[in-house]
Amino acid sequence: MIADILTGALRSGTSVMLASQGELISERAGVINLGTEGCMLAGALGGFATTVWTGNPWLGALAGGLCGMLLSLIHACLVLDRGANQLASGLTLMFFGIGVTAFLGRSFVSEQIVGFNPAPIPVLSDIPVLGEVLFNHDPLTYLSMLLVPALWFVLFRTRIGIILRAAGEREEVLFACGVNPRLVRYAAVLAGGFLAGIGGAQLSVAYTHSWVENMTAGRGVVAVAMVIFAAWRPFRAMLGAYLFGAAQALQLTVQQQGLPISPYFLFMAPYVLTLAALLIVERRKRSSVPEGLSRVFAADADG
Amino acid sequence: MENQGSNGVLLRTVGLTKRFGSLVANQGIDLAVKAGTIHAVLGENGAGKSTLMKMLYGVYKPDEGEIYMDGRPVTLHPPSRAREKGIGMVFQDFRLIPAMTALDNVALAAGSGWRFRRGSLRERMLEISAKYGLSVNPDVPVWQLDLGQRQRLEIVKTLMAPNVRLIIFDEPTSVLVPQEVRAFLDMLGLLRKDGFGILLITHKIDEVLACADEVSVLRAGRLTYRAERDEGWTAERLVSAMLGERTPQPVTKRDRAGKRPTEEARRSGHPSEEVPRPEPRFADMPPEALSRMEHPSEETSHPGCPSEGPGEVLRLENGAIAGDHGELVLESVNLTLRRGEITGVAGISGNGQRELAEALCGLRRLKRGTVTIGGKPVAGGPREFLEAGVACVPEDPLRESVVPGFTILEHMALEGIPLRRRRMGIDWRHAREALEASEEARALNLAEAGRRADRLSGGNVQRMVLARALIRRPRVLIVSYPSRGLDIGTVHAIQRQLIGLAESGTAILLFSEDLDELFKLSDRLMVLFGKRLLGPYDPAETDAFRIGERMLRGETA
């Protein structure tokens, strides 16, 4: 049963994890995108539809990413060009995503796809317990596991990462270095939307093989919370996402065992757990919050 | 004048002019900087020094005039182009990112391409550090560095740019302690020897006298004086070029020990006229204060038997204060502030000045110990301290006391001038009149009340924050670096205001990095060193050298 829950943690946590890594990029550059939920839904529908049309889940994942990116483009334009409030724009985008995907996705509700299927890695998947938990997943999940160290490397070991973080800390410093912080933020928001879209596609194309209206059910919001919970660190965000996945898996297991607990209560459990995690996390590291997150860059900075 | 950059002229400007709306910030500036020389640009706050430098660094585009480098006309806007041409700038408010390490900050500015080679970058950084005596640990996050270290890092960063030839320093010594200034000027000498052209923006005449090869004086946006070292220049000539007809009256230290303000002076809000007092200095001081001065290292108060001396307003007993990241910054701090006395605190920056000031303003909770104000213990937040009569002027008023978008008047209304009601709201006209009538505002030459505070220069913000604290006529004033980065005229005005406030009965705790200022104003001196508050010392019985030694080595010195 423990192995089941752990396997399920990865399986249902991957979509949140992808979205949280994307949001992490965006927030490190100083833009908080509450529209992540909408981007995930756009990705889920776009990915699913493309897979239905082409039969190729890889194309589906790519299309999902692009759909997420498209939606985040709206956020980027509003926030970075028009100076709109980040929170207002993000929230609105979330509800826009929910509505527009419900509308466009009506005809896909009954569609069937093959999608991604678990591809056990030879030899490694034969390791007892560990093999089942770690090495018996769909290709998208494997890729997402590689993404985390890659993102860490880019953020902390390359100049691109330094520029990205500088954009989120003090844009005037970056400006003085001859880099346009707005472009950096644009790129970061789009990258964030792309990853959220792929996360959504993972949900529809790899995990459930179906499209249901509002199928992300708040995962995008949880992903945003995870980034804060993780103090803007990729590995911690991954851990948080898997924790959320584990709670999902636990809920499913409990339901399957037929324990007399209300299903509504169980649906609530992952979110309660996320709240608890946020509560427990110490607020000691004041300096870990990117300074620029609450500020919006004025284009005519004289720095 | 010269043809094609002969005489080693790196950069020349002809008729440079910059306007902001109707304000002419720079008018027809002609300037020439030669390689291997230090060219000082001297001027008061608001004289247009910063505007000129920002044009040379490409931040602003000049409205009129030309800039030549090596004899060829160039455009320097935006800064990336200025940097390409070999211009580097060391900003007053450093262009550093606190959350990142020193090495990351260098990589951001000096690197190119998307991968950076930590090893080689670090090597180059250490090499430059060693060559010019600019020691900085590359792996420490910038927020852990003190101001002097940050400046050294900023200079290293500038020097690591690929083809830098001309370096602009914007008020570089304003963040340094006296001991660091010497080293800084030596470093400038090394840069000059290596052929860099140096533009030194400053308002300190002794620095110009100490190191500059050439000086240009700015007043109200125009060049009023230009001279080379060989031509012979005098401090008096520079002062009059800087200030015009106005000549500053120096503030003199006066003997206020034991002096009690009259009730009349307090009520009317005017400091009583100064009369020289012939009595010996400690005549009416309580005996226990005397003994404290004779044995400064002894513990002065014992827990359990609080002895309240006369005139005692604020007492901090056995205080321990934690820093931003939970680390212990100060321990066993004992401090007594008395009515009408200025207590000066010296110390190298980053030795707990900010933490102590914040603790005494209620912004930072004590880890241990008690604060008593007027005999009553105060343990709450800033509200309680405010109500007990404490006013604060923080270290970095621009960051901590300015609400972006608010006007000066609105800042005054937040905390300062008493407000009157008018129907449902505030009687703004009355508030404005009260502000304009206030003597403090006039004495400090406060900017116009309707101006947005976040658009003011650093000096004007400092004036505003001080005026606000003074208008309240507080019982206790905690003031940090009141003259940092200000010109002589303003410094004197501020110092006179502080003395006046003390004479009207306020107990003042003054943090400063300027030992002259501390000696001039303080009735008692204390030194922050190694988590301790040393002293008090009597300024009449010690000297700047001994205080400097304590700042560097503590009581063992």
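**Close-up views of aromatic rings and a helix contact**

**Figure 1. Phe20(B) is partly exposed, with a relative accessible area of 34%.** The model shown here is predicted. Tyr60(B) is buried, at a relative accessible area of 16%. The cut-off for buried is under 20%, so Tyr60(B) falls below it.

**Figure 2. Trp152(A) and Phe156(A) form a tilted aromatic pair.** Over all chains, a search of the whole structure finds seven aromatic pairs. In the pair of Trp152(A) and Phe156(A), the ring centres are 6.1 Å apart and the planes make an angle of 45 degrees. Both residues belong to helix α6 of chain A, residues 139-157. They are four residues apart, about one turn of the helix. Trp152(A) counts as partly exposed because its relative accessibility is 30%. Phe156(A) is buried, with a relative accessible area of 12%.

**Figure 3. Phe20(B) and Tyr60(B) form an edge-to-face aromatic pair.** The centres are 5.2 Å apart, with 75 degrees between the planes. The pair links distant parts of the chain, 40 residues apart. Phe20(B) is in strand β1 (residues 9-20) of chain B. Tyr60(B) is in the loop between α1 (49-56) and β4 (64-69) of chain B.

**Figure 4. Three rings of chain A form one aromatic cluster.** Its members are Phe48(A), Trp53(A) and Phe108(A).

**Figure 5. Arginines lie over aromatic rings in chain B.** The charged end of Arg12(B) sits over the ring of Tyr68(B), at 5.2 Å from the ring centre. Arg95(B) lies over the face of Phe91(B). Here the distance to the ring centre is 3.8 Å.

Figure 6. On the α6(A) side, the contact is made by Val154(A), Leu155(A), Phe156(A) and Arg157(A). On the α7(A) side, Arg159(A), Ile160(A), Gly161(A), Ile162(A), Leu164(A) and Arg165(A) take part. The contact residues divide into six nonpolar, one polar and three charged. Phe156(A) is one of the contact residues, and Phe156(A) also pairs with Trp152(A).

Technical notes. Residues are numbered from 1 along each chain as its sequence is written. Chains are lettered from A and ligands numbered from 1 in the order in which they are written. This is a predicted model: local features need pLDDT of at least 70, side-chain atom pairs count only at pLDDT 80 or more; totals for chains, interfaces and linings use all residues. Side-chain values use heavy atoms; hydrogens and water are left out. Rings of Phe, Tyr and Trp (its six-membered ring) pair if their centres lie within 6.5 Å; planes under 30 degrees apart count as stacked, over 60 as edge-to-face and the rest as tilted. Helices (H or I, at least four residues) and strands (E, at least two) are DSSP runs, numbered from the N terminus. Buried means under 20% relative accessible area, exposed over 50%, partly exposed in between (1.4 Å probe, protein chains only). A charge sits over a ring if NZ of Lys or CZ of Arg is within 6 Å of the ring centre and within 35 degrees of the ring normal. Contact means heavy atoms within 4.5 Å. Ala, Val, Leu, Ile, Met, Phe, Trp, Tyr, Cys and Pro count as nonpolar, Asp, Glu, Lys and Arg as charged, and the others, Gly among them, as polar.
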